[in-house]
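Subject: Structure handover

Hello,

Here is the structure you asked about. Please open it first, then read the notes below.

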Amino acid sequence: MRPCGVFDKSYALDIAIIRTWQHWAILISALLVLYLFPLFGSYYLVSFINLLSISIIVVLGLQIVSGLCGQISFGQAAFMAVGAYTSSILTIRYGVSFWLALPLSGIMAGAVGIIGGAPSLRIKGMYLAMATIAIHFVVIWLILHMQITGSFKGLYPMPPTIGGFEFDSDERMFYIIVTVMIIMTYGARNLMRSKVGRAFVAIRDNDLAGEVMGVNLYYNKLLAFFISCFYAGVAGSLWAHLITVVNTEQFTLLHALEYVGMLIIGGMGSIPGVFFGVLFIRILNELVMFASPALAKAVPWLGSSPAASLGLIAFGLAMAVFLVFEPRGLAHRWEIFKSSYRLYPFAH
Amino acid sequence: MNHLNSEDEAVIRIQRLSLKFGGLQALSDVSVDIRSGKILAIIGPNGAGKTCFLNCINGFYHPYEGEILYRERDLTRLKPHQIASLGIARTFQNIELFSGLTALDNLMSARHIHMRRGALLGCLFFGPTRREEIAHRERVEEVIDLLEMASIRKKTVGSLPYGQRKKVDLARALCMDPSILLLDEPMAGMNVEEKEDMARFILDVYELKKIPIVLIEHDMDVVMDICQRIVVLDFGRKLAEGRPQEVKDNERVIRAYLGEE
Ligand SMILES: Nc1ncnc2c1ncn2[C@@H]1O[C@H](COP(=O)(O)OP(=O)(O)OP(=O)(O)O)[C@@H](O)[C@H]1O
Ligand SMILES: [Mg+2]
């Protein structure tokens, strides 16, 4: 719904995302603040935004395959691992520049994703979810049993460089990560309103009718997996060169579960929902980290570091609350808020 | 005379179509020509095989015998999406819409087969992709005007009343710019007023596009009014075929509908 007084005079305007000069003003100032942030923000917050941005890229991918196309995937952490390892191997062993390794990691993860997504051609829902869990373990097993991945020891990729400039701190990586995140958000948002996005939603809402509209189910499901895993792969590459150490401990099924949780809490099928979901879970995790020492002191029988289990409990609780009370996620709340704000002071 | 001939050309020839589910013979030996520029009604009691007949044409079911020739091409081994891209559009008895989308997006999704820009250009969404999107939006808006749907354009279809959803289903099929339109009980469950509207829309579409329309319908009054030919199915067999009046007076049809006396 449009705010009162805003009418679309052409189809071009109707389909535009950014419609008024106020929107442009808000967008540009927000970007300005974001890009200047490392100059005045604390190290802690800069690292936090790096982490958020990488998670956002992963969950954007998940939004495409699960939120839009309706194919539930618990493989996102494994596909991220494929990206992280591809990027590390390419830069360390083959001397490929990070700037080339970044898209190649996405493509590699996408290719693995097509294989991983193949079961979706035959099975749906719960069974597909189980199949993707199996794929997660196969990928991690393969990584652990290959020579080139450094097996249990993992790999130590270098920070990216341009000319002589090294992106060797969180503040410096911030610019790369945030830029990639913005580009990929832009891409996902556009994909959603394009022919391909509608084909994905057609498959999600009614695959029978989708076929009658001429949507090739096989092709489009695999395309959704490819794009989704491309996102995960790119995120993995950024992660690898930010942390500069890669091992399979960073990509467990629990991480995959967390990404699905972010998607559900944020809201399926919505791009702002991805941001809400990631922010919610990441802040929750920070709060748990913050609270657990105090808790350990207050309730000694919990052990010396209850953070791990407390985190799981908080996550599980949040998931349950959202599934029961707001299964459409924070994005839906946000829509309700927006439309009531626009209609204020009228009720409808 | 020439004009008449081209109107009578068979666009789809269905020959000796037979379909089985386990022991159940859903269709046996059905031969029908779908002719250009005609509205063909398919009638018959419940379970006669009418929907199965459409499902064979658009590729959901594959008959074990017989062929469906569309411009000399056999459709029986093609997938539904391939048949759709040949321009064969249909609606569903039980309304199969994309319920989470707005009416407009439902219709835009029907432009799928006509749109060329793939995923990569879709992500960028300026220049050619944007122009394509707007061009197709214009085509969709024409259908919205034709079916008087402007007021529900931006409504989520899941929230629309039954009659409106039926209309979106028809509109979506039209947005494919089809060369043949298959309608499975478009008026079922509607009140008299909605039925009249729907009949009018079907006639409008027919006048405007001059494409063959296959209409499955139970309401004999409607069928008599708007169709030029009628095929009667019963227990998967073709019982009769002909002009409305002929079929209405046919002994066997009367018996099938009213039972043996
Ligand atoms: N997928 C299927 N599997 C098994 N049997 C089926 C299937 N689809 C249809 N049938 C059977 O085929 C027969 C014909 O069904 P169909 O749906 O074509 O009837 P119909 O003429 O459309 O009836 P109605 O007027 O009730 O819509 C019915 O006996 C039905 O039970
Ligand atoms: Mg039927």
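By class, how many nonpolar, polar and charged residues does the lining of the largest cavity have? The lining has 1 nonpolar, 4 polar and 4 charged residues. The classes work like this: Ala, Val, Leu, Ile, Met, Phe, Trp, Tyr, Cys and Pro count as nonpolar, Asp, Glu, Lys and Arg as charged, and the others, Gly among them, as polar.

Some ground rules. This is a predicted model, where local features need pLDDT of at least 70 and side-chain atom pairs count only at pLDDT 80 or more, while totals for chains, interfaces and linings use all residues. Residues are numbered from 1 along each chain as its sequence is written, chains are lettered from A and ligands numbered from 1 in the order in which they are written, and side-chain values use heavy atoms, with hydrogens and water left out.

Cavities and pockets

Both are found on a 1 Å grid over the protein atoms alone: in a cavity a 1.4 Å probe fits but cannot get out, while a pocket is an open set of points with protein on both sides within 12 Å along at least five of seven lines. Lining residues have an atom within 4 Å of a point. Points are joined across faces, edges and corners, and a volume is the space filled by probe spheres set on them.

There are 3 cavities of 30 Å³ or more. The largest cavity has a volume of about 40 Å³. Its lining includes S194(A) and K195(A), and also R117(B), E132(B) and E133(B). Helix α6 (residues 128–146) of chain B gives the most to this lining, with 3 residues. Helices (H or I, at least four residues) and strands (E, at least two) are DSSP runs, numbered from the N terminus.

The second largest pocket has a volume of about 570 Å³. Of its 19 lining residues, M184(A), F230(A), Y231(A), L120(B) and C123(B) are the closest to its centre. α7(A) gives the most to the lining, with 7 residues. By class, this lining has 17 nonpolar, 2 polar and no charged residues.

Ligand 1

There are 14 residues around ligand 1 (a heavy atom within 4 Å). G47(B), K50(B), T51(B), C52(B) and Q93(B) come nearest. Next, the polar contacts (pairs of N or O atoms within 3.5 Å). A backbone N or O atom of A48(B) lies 3.2 Å from a ligand oxygen atom. For G49(B), a backbone N or O atom is 3.0 Å from an oxygen atom of the ligand. H218(B) brings a polar side-chain atom to 3.1 Å from a ligand oxygen atom. The protein covers 65% of the 630 Å² of accessible area (Shrake-Rupley method, 1.4 Å probe) that ligand 1 has on its own. α2(B) gives the most to the shell, with 3 residues.

The sheet in chain B

What is the strand order in the open sheet of 4 strands? The order is β2-β1-β4-β5, with antiparallel pairing. Two strands pair if DSSP finds at least two bridges between them. The edge strands are β2 and β5, and each pairs on one side only. β1(B) and β2(B) pair over 8 bridges. These two strands form a hairpin with 2 residues between them. In the turn, G22(B) has a positive phi of about 55 degrees. Another 5 bridges join β1(B) to β4(B). I14(B) stands opposite V32(B) in β2(B), and I14(B) also stands opposite I68(B) in β4(B). β4(B) and β5(B) pair over 2 bridges. There, Y70(B) stands opposite R73(B).

Best wishes

Note on methods: Polar contact = N/O pair within 3.5 Å; in protein donor to acceptor, adjacent residues only side chain to side chain.
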